[in-house]
Amino acid sequence: MHHSAEPTPPQSIPPYRNSHADQTSTPHLRSSYHATHTPTPTLFLLQRSDILHLRANPVPSTENRPQRARWNCSNGSDFQGFSDRELDTIRSRSVSKVVQSCRKLPITAKCDLVRINSSLRQSNLRLPHGVMVATMHKVAAGNGYEYYMRQTAANDKTACGRASLSDYYNEHGEAPGTWYGTGLSALGITEGSEVTEDQMKNLFGAGMHPNAEQVRERVKAQHLDAGIRPAEAARRAENATKLGNRYAVYATVSDYRQAKRQAYRDYNTDAGACVTAHIPDDIRARIRATVATAMFTTEYNRPPLDARELSGWIAKNSRPDRAAVAGYDFTFSAVKSISVLWAIGTPAIRAIIETAIRRAANDALTWMEDNALFTRLGRNGVRQVDVQGMIAATFEHRDSRAGDPDLHIHVLVSNRVLTSDGKWRTIDGKTLHESTVTASEIFDTRLEHHLEIALGIRFETRPDRTPDQVRVRDIVGVPLELIHHWSRRGAAITDRLDSLTAKWQATIGHEPGPGDIHRLAQRATLETRPKKHVPGSRTEQWATWRAEAEALLGGPDAVDDILPRVLAAVPMPRPVPDRMFITHIADQALAAVSQRRATWREFNLRAEVERQLRGNVAPADWSRVTDEVVTQSLSPSAALARGDPDVTEEPDLRAVPTWLRRRDGTPMHTRANSRIYTTEAVLAAEAELIALSIEPGGRILNPTHILDAVDEYNSAHPDQPLKPGQVRVIESFANAGLRVHAANAPAGTGKTTAMQVLSTAWRSSGGTVLGMAPTAAAASVLGESIGTRAETVDKLLHVIDAHQPGAIIGEYLPFLPQWVLDIDDTTLVIVDEHVTLPTAKRLQLLRYLTDRGATVRCIGDDQQLPAIDAGGVDADMAHASPQQTPTLTEVVRFAHRGEALASKGLREGDPTALAW
C-alpha cells in the first residue's frame, strides 16, 4: 500500500458521507427518554440534602429500558461525604417528583464489579481503559459553546490561511471545528467549512443564523435597493437572521452556587493547589455550611436559628439556574489502541486513522439523521414529524486531560431544525437521547471497517477482560502495556469510583443502584479531572509520546516493531452472510437483549445487532446484513410486539392517510422507537415463576415453635419486643404452606430481626436454615444476623452449572459442597433483597431449590431499585400468590418518630415528608 509522505491537514480533508447512507436506516418497522462552622448544621445538611439529591435525580437509561414483560414500563441516618455537585441540584424538580423518586435502594453492603460495569454500560458514561463509546450531553444556550472554541488552535495565520504544512503541525491547541449535516443547505453553509467563534455565538448562543451579521447586511441592502423604508428594511433584515424564536433567558435563582464554587477555588489557591483540585468531603461540607450561613445572615440580617432552617435555605438556593437547550454534544471516542497507534505511527498512518474516525462518526450521524432526528408539532407535541436534516459543528480533540493520546470528536448538534412548512423548530430530544447507544455501536463497527479497508488492521477482543466486563475489541499487535499506560485518566476515575462506592456502602449500609453508580461515576470523573490544558503542538506531543513508549517498552526498536506487526496481522475468515447466518445472529441478538431487559425497543435491538455482527461481517456487507438481521429479529416468528390498544378498538385507525405519515411510512402520531417488544422465552420464564409462586408443598411449622421463639426473643429484649407486623411476617412465612412465598420489608422496619426469630423457630422444629443474598457482603450480614450459613445466589448457581454434564472437564463431575447437599425438604432458604434478582437467575435458583424440596422465603422491598438485567417478575408472583403478601410497615430503625414517619413518607411518595 502506498501512502503519501505528508498527510493532509484535517481541515482540508473533505467531509465524507457513507456511500450506503440511504441503506443504513433500519427497516420500516418502528411505529410507535479553610472555612469552619459548627458541626451540627453540617451534619444535618449531609443527612437531608445529600440524600434527597441522590434520590431525586434518577438518570434516564440511554437505551430506554423498560422493566417488565407484562408491559408495565418503569421510567425508572448519619450521612456524610457526598459532593457539592450533588447538593447543587436539590429540588431541581417539583416536590412531588422528588418524593416519588425517593426509593429505597438494594440493601447489600458491597457493590460488586459486575453491577458497576453493567450500570455504567447502561448509563451512557464514557468508560475507562479504552472502551469505545459515544456520549450525549446538553449544551446550554448562552456561553455553553465556549469550551469548544477555547480548545481550538490559536490560529496564528493570515486571512489567506496557514503559511505551510509545518505551521499546522506546530500550532498549539486543537484544530478549528468544521460544519456538518444535511440541514446546512438551508443556511447556505458548505459542509466541511471552518466554524468561527462568531458563528458559534450566533447559533448556539442566541439561536440565530450562524452568519447573522452577513445575512442582516445583505437583506437590508436588498430591501433598501427595492425602495423599502430604512426602519422596515432593518426589521425585515433582523427577522431574516432568526431561526425560530430566540433562546429564552432566565433570571439567576441565587448566587449561592457561584459563591460556593468561588470558595472552593479560594481554598485550593490558599493551599497552593490547582483551583479544580479535589477537596476532602469534610472540608467541602464546612465550606458549604460557612458560605450558606454567611449568605443567609446577609439576606435576613440574622443567623439561621437551627440546622433545619439552614438546610431549607440551601435547598431553595441550590436549584440550578434554568437555561435553554441550544444543542446536544455527542462525543465519539476511539478505542485506546487506535489512539496508541496514532500516537506512535507515521504521518501517513496518522492521517488515515483521523480520516477513519471522521468517517465512522459520519456513519453514526447519518443513521441518527435518518432514524432519530425529528421535531414535534400539534397540541402537546402529538405529531412527530420529519425535518430537513442536522446542523452540527464538529471538533476533533487528540488527548485526554491527563495528556494521554485520546482521539475523540465532539459533535455539537444544533437544537434548530427546519420542517417542511419552512419554519424552524427544536429537536425532539427524547428520541435523540434514545438513539445514543445505537449510534455509539455503529461508530464502533464502522471505525473497525474503515481501518480494515485502509490499513488491513484486525481487531480482536482484549484478553484482559473478564466475561462480566464490557467487551473491548482492540487492534491486534498493539501492546497492552501501552494501552494501560495511556489510560491514566480512566484508571484515576476507576480508583476514585471504587472509593466512593465503598464509602456509600459503609455510610448507607447497602450498595448503590444503577442510577447512583452513574452519579458516583460522574462525581469520580469531576473530582479526578485535572485542569484542562492547552495541548502542546502536534510535534511536541508526538515526541513526548514516542519517548514514553520507548521508556515503557525498552527502547526505540520495540516501538518500531509495533506498526509492522499491526499491518502484518492475518485476516480471520468470516462466515458467509447467508440466511442461516442471519437467523443465527438474530437469535443471539434477541437472547442478549432479552437478558438485559424484559421488554425492549427497536433501538435497543439495533445496538445489540451491531455488537453481535462486529468482526463477523465484511465492510461491504454491513448495511445489508444489519438490516436483514434487524428485520428477522422483529419478525412475528422471533419477537412479540405490543399492540396498539386504540387500533385494536378501532381497526379503521390502521388506515393512516399519506399526509399524516412520515417519509418512512410510519404515522406521525406514533413516536419513532416507541413500540415495545419481548420474546416468548421471557414470557415463558415469567409464567414458570408465577407457577412456582402458587405451588403448594412448603413445610409448615407447629405454632408452638413460633410462640416459643417469639417469647424467647421478647424475654431477651424487653425494651424492644417484636412489633405486631414482625410477628405477622414470621407466622406467614412459617404457615403459608407454599414452596415460595415473599414479604415486603421497607428499610428500617426490622426484617432482619424477624428472620432471626423465624430461623430460631425453624431450627427448633428440626429443620435447617440457609441464607441467600445477591452479593457476598449482603450474604455475610444476613448470615451473621440470623446465625446460620449464608451464600450468594451467584455462588450457588455457579456450583450448579459446574455440576452439569456439559461442564465436565475431566473424567468425573466435581463434588457438590456439603452445604448444597444438605438442602432438602426440611430446609428453609431465606432469600434477602430478592427484588434485585434478574428473572433468569431467579428462575434457575427457585427451580433448583424447589426440586430439592426446600421451602423458600423471599424478603425485600418492592419499591427498591429492580434488577439491572431483565427483572420485575416479583410483582407478578406476589399478585398471583394465593397468600396475601405481608408487609412490615412500622419503622424501628430511628429513635425519633418524626424521622421514621418521614422515611415512610419518602418511600410512598408523600410530599409532606419533606417538611420533617
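**Strand β18.** For me, buried means under 20% relative accessible area, exposed over 50% and partly exposed in between, with a 1.4 Å probe and protein chains only. Six of the six residues of β18 are buried, so the strand is largely enclosed by the rest of the structure. In a regular strand the side chains alternate between the two faces of the sheet.

**Ground rules.** I note that this is a predicted model, in which local features need pLDDT of at least 70 and side-chain atom pairs count only at pLDDT 80 or more, while totals for chains, interfaces and linings use all residues. Residues are numbered from 1 along each chain as its sequence is written, and side-chain values use heavy atoms, with hydrogens and water left out. Helices (H or I, at least four residues) and strands (E, at least two) are DSSP runs numbered from the N terminus.

**The sheet around it.** In what order do the five strands of the open sheet come? I read β14-β18-β17-β15-β16, with parallel pairing; two strands pair if DSSP finds at least two bridges between them. The edges are β14 (740-744) and β16 (790-792), each with a single partner strand, so one side of each is left without a neighbour in the sheet. From one strand to the next the twist averages 25°. Axes here are lines fitted to C-alpha atoms, for helices over the stretch in contact, and angles run from 0 to 180 degrees between N-to-C directions.

**Partners of β18.** I checked both pairings. Strand β14 runs parallel to β18 and is joined to β18 by five bridges, with His741 opposite Arg857. Strand β17 (residues 827-832) also pairs with β18 (residues 855-860) in the parallel sense, over five bridges; there Asp832 has Ile859 as its bridge partner. Helix α29 (residues 724-735) lies across β14 and β18, at about 170° to β14.

**Two positive phi values.** Most residues other than glycine have a negative phi. Glu833 has a phi near 55° and sits in the loop between β17 and α34 (839-851). Is Glu833 buried or exposed? At 0% relative accessibility, Glu833 is buried. Asn380, with phi near 60°, lies in the loop between β4 (374-377) and β5 (383-386). Asn380 is exposed, at 75% relative accessible area.

**Helix α16.** This helix (residues 436-455) has 20 residues and reaches 28 Å from first C-alpha to last, close to the 28 Å expected at 1.5 Å a residue; the expected span is 1.5 Å times one less than the number of residues. I find 17 of the 20 residues of α16 buried, so the helix is largely enclosed by the rest of the structure. Just after α16, Gly456 has a positive phi of about 75°.

**Cores.** A nonpolar core is a set of buried Ala, Val, Leu, Ile, Met, Phe, Trp, Tyr and Cys residues joined through side-chain atoms within 4.5 Å. The largest has 60 residues, and Leu447 and Leu451 are among those with the most contacts inside it. Helix α14 (residues 347-371) gives the largest share of this core, eleven residues. Beyond four places in sequence, Leu451 is in contact (heavy atoms within 4.5 Å) with residues including Ile338, Ile353 and Gly456. Another core, of 28 residues, lies apart, with Ala742 and Met877 among its members.
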